[in-house]
Amino acid sequence: MTLNRSEFKRQPAKEPKTKPGPRQRKCSNCGSQFLQQRMGQQVCSTACAQSYGRRISEQQQRKKERQERAETKAKLKTRADWLREAQAAINSWVRLVRDVDKSCISCGRQHEGKYDCGHYLSRGAHPNLAFVENNLAKQCVPCNQYLSGNQIRFRQGLIARIGLEAVEALESDNEPRKYSISDLQAIKADYSARLRELKGK
Ligand SMILES: [Zn+2]
Ligand SMILES: [Zn+2]
């Protein structure tokens, strides 16, 4: 509500606002109850103010150190490290998000055990397809690890899912894709975020 000036003048001299009495609150340092003497007062005494201040600055210091350690560690990572981490992130996303309700791409088996994320065209022979989503699918561990990807049936499963045309496009995809460290960092961040989003639900 806004008062216009004339209305305001007509009003009788106002009583000074009654201040709300001191408010009970809990000391942020020692947890005991105290009467708040001024706005924003968080602690009961000077002693508590000092130790509370120390605690906060120690916390900030530790946080800063953690950040610095993380940064130093990040600087020491090689491109191969980032490649591995980015691959792990997209693989988890395939297994746990995109294909979560699907069975093994190549044998069709739906089981309780562990799944991998398989590459239809292997990373060794086709490093340019390592992060191409159509080339990746959830696959059971036996197919992925013991049947060398069970590739013929992987192809059949892939055709059933994305169609022959898309599979052939993948097979003739020779686009060289060079990923810099910052590309790999971005890939990792992107798929990790999409995975976290799911976990938050
Ligand atoms: Zn206190
Ligand atoms: Zn399988």
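Helices are DSSP runs of H or I with at least four residues, strands are DSSP runs of E with at least two, and both are numbered from the N terminus. The expected span of a helix is 1.5 Å times one less than its number of residues.

**Figure 1. Overview of the predicted protein.** This is a predicted model, in which local features need pLDDT of at least 70 and side-chain atom pairs count only at pLDDT 80 or more, while totals for chains, interfaces and linings use all residues. Residues are numbered from 1 along each chain as its sequence is written, and chains are lettered from A and ligands numbered from 1 in the order in which they are written. The protein has seven helices and four strands, arranged along the sequence as α-β-β-α-α-β-β-α-α-α-α. The average pLDDT (the predictor's confidence in each residue, from 0 to 100) is 88, and 88% of the residues score at least 70.

**Figure 2. Helix α2 (residues 46–76).** From its first C-alpha to its last, this helix of 31 residues reaches 45 Å, close to the 45 Å expected at 1.5 Å a residue. A residue is buried if 20 or more other C-beta atoms lie within 10 Å of its own, exposed if 12 or fewer, and partly exposed in between, with C-beta atoms placed from the backbone. The number of buried residues in α2 is zero, so the helix lies largely in the open. In the protein, buried residues make up 20% of the 201 residues.

Figure 3. Helix α3 has 20 residues and spans 27 Å from first C-alpha to last, close to the 28 Å expected at 1.5 Å a residue. Its buried residues are W82, L83, A86, Q87, A89, I90, W93, V94 and R95. A nonpolar core is a set of buried Ala, Val, Leu, Ile, Met, Phe, Trp, Tyr and Cys residues joined through C-beta atoms within 7 Å. The largest such core has 26 residues, of which A86, A89, I90, V94, A137, L158 and I187 touch the most other members. At least two residues each come from α3 (79–98), β3 (115–119), β4 (136–140), α5 (151–162) and α7 (181–200). Helix α3 gives the most, with seven residues. Two residues are in contact if their C-beta atoms, placed from the backbone, lie within 7 Å. Leaving aside residues up to four places away in sequence, A89 touches I187, K188, Y191 and S192.

**Figure 4. The pairing of β3 with β4.** Two strands pair if DSSP finds at least two bridges between them. Strands β3 and β4 run antiparallel and are joined by five bridges. Residue C117 stands opposite K138 in β4. Four of the five residues of β3 are buried, so this strand is largely enclosed by the rest of the structure.

Figure 5. P22 lies in the loop between α1 and β1 (23–26) and is exposed, with 12 other C-beta atoms within 10 Å. P22 and Q37 are 15 residues apart in sequence, and their C-alpha atoms are 5.9 Å apart. Not counting residues up to four places away in sequence, P22 touches L35, Q36 and Q37. D173 lies in the loop between α6 and α7 and counts as partly exposed, with 15 C-beta neighbours inside 10 Å. The C-alpha atoms of D173 and N128 are separated by 8.5 Å, although these residues are 45 apart along the chain.
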